[in-house]
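Welcome to my notebook. Take a look at the model below, and then follow along with what I looked up.

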Amino acid sequence: MKLRTFPESLDSRLNNAWPRDTRKEPAIYNKLKDAYVKARHSKHYTIADEELDWLVARIETLHALIEVCYEERLWELERGVSLNR
């Protein structure tokens with residue numbers, strides 16, 4: 001959870017990458033966490049195409065959000081200002 005909650009605490013816009021509106025959404029996110037460990041150690045680990053498609057879409061959203069945050073932060077550093085998100 002730290003890999004998700006820590007960045008979200010730095011910029012709340014990152015909350016949009018991993019919705020928690022339904023019980024299914026956090027469950028699919030947990031599949032991503034499981035894949036990190038279980039898929040490396042078990043040939044029996046599986047994930048449904050629908051779940052994988054959802055994760056890919058969320059990762060693309062996360063990438064876009066991080067790019068915006070990065071560009072803003074870089075702008076702040078270059079100008080010596082803080083936008084106080």
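**Helix α3**

I began with a length check on α3: at 1.5 Å a residue, its 31 residues should span 45 Å, and the C-alpha atoms at its ends are 45 Å apart, which agrees. Please keep in mind that this is a predicted model.

Next I asked which residues of α3 are buried. I noted Glu51, Trp54, Leu55, Arg58, Leu65, Cys69 and Glu76. What do these buried residues pack against? I found that they pack against α2.

Gly80 follows α3, and its phi is positive, near 65°.

**Aromatic pairs**

How many aromatic pairs does a search of the whole structure find? I noted 2.

I took Trp18 and Tyr29 to begin with. Their ring centres are 4.9 Å apart and their planes stand at 65°, so I wrote this pair down as edge-to-face; the cut-off for that label is over 60 degrees. Where do the partners sit in the chain? Trp18 is in the loop between α1 (2-10) and α2 (24-41), while Tyr29 belongs to helix α2, so I have a pair that links distant parts of the chain, 11 residues apart.

Then I turned to Trp18 and Trp54. This aromatic pair is tilted, with 6.2 Å from centre to centre and 50° between the planes. Here too the pair links distant parts of the chain: Trp18 comes from the loop between α1 and α2, Trp54 from helix α3 (residues 49-79), and they are 36 residues apart. Trp54 is buried, and so is Trp18.

Putting my notes together, I have Trp18, Tyr29 and Trp54 in one aromatic cluster.

**Charges over rings**

I went back to Tyr29 to see what lies over its ring. The charged end of Arg4 sits there, 4.1 Å from the ring centre.

**Confidence**

The chain averages a pLDDT of 87, and 95% of the residues score at least 70. Where is confidence lowest, and where is it highest? In the chain, α1 has the lowest confidence, at a mean of 84, and α3 the highest, at 93. I left myself a reminder: where pLDDT is low, predicted coordinates should not be read in detail.

Notes
Residues are numbered from 1 along each chain as its sequence is written. This is a predicted model: local features need pLDDT of at least 70, side-chain atom pairs count only at pLDDT 80 or more; totals for chains, interfaces and linings use all residues. Side-chain values use heavy atoms; hydrogens and water are left out. Rings of Phe, Tyr and Trp (its six-membered ring) pair if their centres lie within 6.5 Å; planes under 30 degrees apart count as stacked, over 60 as edge-to-face and the rest as tilted. Helices (H or I, at least four residues) and strands (E, at least two) are DSSP runs, numbered from the N terminus. Buried means under 20% relative accessible area, exposed over 50%, partly exposed in between (1.4 Å probe, protein chains only). A charge sits over a ring if NZ of Lys or CZ of Arg is within 6 Å of the ring centre and within 35 degrees of the ring normal. The expected span of a helix is 1.5 Å times one less than its number of residues. Contact means heavy atoms within 4.5 Å. pLDDT is the predictor's confidence in each residue, from 0 to 100.
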